[in-house]
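The sequence and structure are shown first, and the account follows.

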Amino acid sequence: MSKEDNLNKNWKKDFPILKQQATNVSRRDFAKFLTLVSGGLMVGSGLVAAKAYLLPKEEVEGEHFVCKKEEVPLGGTRAFVIEGSTIPYILIHLENGDFKAYEQKCTHLSCSVFYKPGTGIIHCPCHEGSFDAKTGDVLGGPPPRALPSLEVFFKKNDVYVKASQHEEHEV
């Protein structure tokens, strides 16, 4: 018997598991893994719900400067965040000359929305949701409610936003 055969024989005695069997997972190990993952998801969901309940959404207070009128061309948009907040907003200069401001997060799963120039539609690419750019109302897709809006007004050539009167009465 050669030295290699002897090593092979001893190695198989020390490690009796075949290579194919080494990758198999037992039912018990799989059940433990599923329990651990499910428990983690449950705890995570509970924490998200607790955060939403204990720390309510930031309210927009006062008037906030966004930009100059000429900085947003007809059919164009400008993304902005109000000072002291982390919520992204989008200012839209509609083709009819109106300015509208909405939260830039879809009401379905908070994906970022964008305006499609010339269509009057604010689109969410994640799940094909769409909103009316004039009102923020849902036109199609899975979003459950309209986009939260801000009131847009002007001081000379400056564009300002403040909390919409409509939103204050809903709460």
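Strand 5 and strand 6 (residues 121–124) run antiparallel and are joined by three bridges. Helices (H or I, at least four residues) and strands (E, at least two) are DSSP runs, numbered from the N terminus, and two strands pair if DSSP finds at least two bridges between them. Tyr115 has Ile122 of strand 6 as its bridge partner.

These strands belong to an open sheet of four strands, ordered 5-6-7-8 with antiparallel pairing. Strand 5 (114–116) and strand 8 (138–140) are the edges; each has a single partner strand, so one side of each lacks a neighbour in the sheet. From one strand to the next the twist averages 40°, where axes are lines fitted to C-alpha atoms, for helices over the stretch in contact, and angles run from 0 to 180 degrees between N-to-C directions.

## Basis and confidence

The model is predicted: local features need pLDDT of at least 70 and side-chain atom pairs count only at pLDDT 80 or more, while totals for chains, interfaces and linings use all residues. Residues are numbered from 1 along each chain as its sequence is written, and side-chain values use heavy atoms, with hydrogens and water left out.

The average pLDDT (the predictor's confidence in each residue, from 0 to 100) is 84 for the protein, and 87% of the residues score at least 70. The pLDDT is below 50 over residues 167–171, a stretch that has three contacts in the model beyond near neighbours in sequence; contact means heavy atoms within 4.5 Å. Where pLDDT is low, the predicted coordinates should not be read in detail.

Buried means under 20% relative accessible area, exposed over 50%, and partly exposed in between (1.4 Å probe, protein chains only).

## Cysteines

The whole structure holds one disulfide, defined as a pair of cysteine sulfur atoms within 2.5 Å. The disulfide is formed by Cys111 and Cys126, with sulfur atoms 2.2 Å apart. The link is left-handed, at -110° about the S-S bond. Cys111 lies in the loop between strand 4 and strand 5, and Cys126 in the loop between strand 6 and strand 7, 15 residues apart. Cys111 is buried, at 15% relative accessible area, whereas Cys126 is partly exposed, at 40%.

Two other cysteines are also buried: Cys67 at 1% relative accessibility and Cys124 at 2%. The cysteine sulfur closest to that of Cys124 belongs to Cys106 and is 3.8 Å away, too far for a bond.
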